[in-house]
Amino acid sequence: MLAHVTLLVFISWEVSVNRRRFAIIGAVLCGIAASGVALAQQPQFFRIGTGGTAGTYYPIGGLIANAISNPPGSRPCEEGGSCGVPGLIATALSANGSVANVNAIAGGSLESGFSQSDVATWAHSGTGIWEERDPVEKLRAIANLYPETIHLVASASSGIDSVDDLAGKRVSLDEPGSGTLVDARIILDAYGLTEKDVEAHYLKPDQAAERMRDGAMDAFFFVGGFPAGAIAELASQHDITLVSISGDEAAKVTGEHGFFAANTVPAGTYEGVGEDVTTLSVGAQWITSADQPEEMVYEITKALWNDNSRKLLDAGHLKGRQITLDTALDGVGIPLHPGAEKFYREAGVLGD
């Protein structure tokens, strides 16, 4: 009887040990599986350098960042979640604009950024404003986005009705490192003026607008999609004139610089501006480095042009509606990133 009891106790102990052993093995296997999932869901970060918060780059950058993001743990697209790149966390960063973004991409402190088409091409080829610097040969394009309109905003009380009238006036040309400053110099030159002919200031559009409200600024340049927030807010509080850039001088600019095109700001875009205003524009482009992984940029480009992104762009900003796959390659003067090129070939936008 005692032997029988001992045998039962031994069998019970063996079963208990085995259960614990299987439980431990199961826990280890689950941990390995969970670790594998965690590894597969490691976040990837992708920064987009934009411009000042009062311009168009910043809100458009935010829309695109939201469209292409799908952080780890998010619901899949087919279940009503984000339709971005799985595991990607994209962020739009306020920056000083085109030139600063190109420099940051070249230096590796940004994965991507927005730039005017002229600035990107000059930087890649080492021409134009980049003649005195090393070319940024690894600069690559993801997409052309929308036309950037050159705004020349003047206080109605300044008496400025043409670019010629800027002589001797207080004029902000935007910050050093911005594409606006580059274009402002080109336009002044077409009219026979230089920075020395005006009382030049170098401020962001919102700062220049604030000065104008206070009576301390006569005019300022801004390059960006309309309606621009800083100008719209200013026009609601202060009488402004949107100065035309047209005629022989504008033809000279477009003739010498193929990145410029004629553009029109429709009447009523800004309060108090009751007529169409003829001016110039350049393309806003999304650029990156050849060092960025091909597959990641392919997935990002694919996410930019999916149906969900279309809805976000259309609803988020007036310029978002002009960001289309049909115009994605317009005016691109630098090589496409291989990942973007792969997508455009698959989409039939780019021929063999």
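Let's start with K342, which is partly exposed, with a relative accessible area of 31%. Keep in mind that we are looking at a predicted model.

So who is the partner of K342? In this model, K342 forms a salt bridge with E295, and their closest N and O atoms are 3.6 Å apart. Have a look at where the two sit: E295 belongs to helix α9, residues 294-304, while K342 belongs to helix α11, residues 338-346, so this pair ties together parts that are 47 residues apart in sequence. E295 has 43% relative accessibility and counts as partly exposed, because that value falls between the 20% and 50% cut-offs.

Let's stay in helix α11 for a moment. E341 and R345 both lie there, four residues apart, which is about one turn of the helix. Their side chains meet in a salt bridge, at 2.9 Å from N to O. E341 is partly exposed at 27% relative accessibility, and R345 is partly exposed too, at 35%.

Now please turn to another pair, R185 and E195. They form a salt bridge as well, with the closest N and O atoms 2.7 Å apart. R185 is in helix α5, residues 179-190, and E195 is in the loop between α5 and β8, ten residues apart, so to speak of the pair is to speak of a link between distant parts of the chain. R185 counts as partly exposed at 40% relative accessibility, and E195 counts as partly exposed at 23%.

Terms used: Residues are numbered from 1 along each chain as its sequence is written. This is a predicted model: local features need pLDDT of at least 70, side-chain atom pairs count only at pLDDT 80 or more; totals for chains, interfaces and linings use all residues. Side-chain values use heavy atoms; hydrogens and water are left out. A salt bridge is a side-chain nitrogen of Lys or Arg within 4 Å of a carboxyl oxygen of Asp or Glu. Buried means under 20% relative accessible area, exposed over 50%, partly exposed in between (1.4 Å probe, protein chains only).
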